[in-house]
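Look at the sequence and the structure first, then read on.

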Amino acid sequence: MARIAEVSRKTGETDIAVKLDLDGSGVCDISTGVPFFDHMLNAFGRHGLFDLTVHAQGDVEVDAHHTVEDVGIVLGEAFAQALGDKAGITRFADVTIPMDETLVMAAVDISGRGQAYCDLPISSLRVGDFDTELAVEFFYAFARDAKVTLHVRELAGANAHHIIEAAFKACGRALRRACEFDGRVQGVPSTKGSL
């Protein structure tokens, strides 16, 4: 069964459409009006091997906050829908990504409980026009609406671009592994019988 979802959301601040295929090959079509964020979503999709389309229009003349957070919400909803009943998945995964001087770890539990814990100390306030604190806002929104427990932790780093990019790559790879099927898993991987 295809694990594909399409979700759209329109508010007074943003208009977002997402299509996600969990079992893709990393083909991405990203356009949010926030170039650095587009780059990060591309890294997330390519390293997760998710086919990912994100088209967003937001009030970027104010700032990118609403666009970034709302994309996290919609992508999280698409992720939860695409997972379906979660039968046979690996459930837990962690990945550590080096990027030059930077080392970032992401760990995920497809738990049914949406929460994120991020420790990404970044000394720069901006990467180009991108407000660096928005990276964490994205992960919080995504984890909440995807209903996953997500930890993202910077183990080493100095360059803001490297730290954020390593975080998106690590999250993509950890989610990919957690979503993969394990032939030995019967039903849902939980002692409770549900996630």
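## A hairpin

Strands β5 and β6 form a hairpin with two residues between them. In its turn, Asp100 has a positive phi of about 55°. This is a predicted model: local features need pLDDT of at least 70, side-chain atom pairs count only at pLDDT 80 or more, and totals for chains, interfaces and linings use all residues. Residues are numbered from 1 along each chain as its sequence is written, and side-chain values use heavy atoms, with hydrogens and water left out.

Strand β5 covers residues 92–99, and β6 covers residues 102–109. Helices (H or I, at least four residues) and strands (E, at least two) are DSSP runs, numbered from the N terminus. The two strands run antiparallel, joined by eight bridges. Strands pair if DSSP finds at least two bridges between them. Met99 stands opposite Thr102 in β6.

Strand β5 has two faces. Ala93, Val95, Ile97 and Met99 make up the covered one. Phe92, Asp94, Thr96 and Pro98 make up the uncovered one. In a regular strand the side chains alternate between the two faces of the sheet.

## The nonpolar core

The largest nonpolar core has 64 residues. Such a core is a set of buried Ala, Val, Leu, Ile, Met, Phe, Trp, Tyr and Cys residues joined through side-chain atoms within 4.5 Å. Buried means under 20% relative accessible area, exposed over 50%, and partly exposed in between (1.4 Å probe, protein chains only). Phe79, Phe138, Phe139 and Phe168 have the most contacts inside the core. Helix α4 (residues 160–179) gives the largest share of this core, 12 residues.

What does Phe79 touch, leaving aside its neighbours within four places in sequence? Its partners are Leu20, Leu22, Phe50, Phe142, Ala146, Val148, Leu175 and Cys179. Contact means heavy atoms within 4.5 Å.

Cys28 lies in strand β3 (residues 28–31). Cys28 counts as buried because its relative accessible area is 16%. Not counting residues up to four places away in sequence, Cys28 touches Asn42, Gly45, Arg46, Phe50 and Leu52.

Asp38 sits in helix α1 (residues 35–48). Asp38 is buried yet has no salt bridge. The nearest side chain of opposite charge, Arg46, is 12 Å away. For charge, Lys and Arg count as positive and Asp and Glu as negative; His and the chain ends are not counted.

## Salt bridges

How many salt bridges does the structure hold? It holds eight. Each is a side-chain nitrogen of Lys or Arg within 4 Å of a carboxyl oxygen of Asp or Glu.

Arg3 and Asp23 form one of them, at 2.7 Å, N to O. This pair links distant parts of the chain, 20 residues apart. Arg3 is buried, with a relative accessible area of 6%. Asp23 is partly exposed, at 43%.

Asp109 and Arg91 form a salt bridge too, with their closest N and O atoms 2.6 Å apart. Asp109 is in strand β6, and Arg91 is in the loop between α2 (65–83) and β5. Both residues are buried.

Lys169 pairs with Glu165 at 3.1 Å between the closest N and O atoms. The two are separated by about one helical turn because they are four residues apart in helix α4. Lys169 and Glu165 are both buried.
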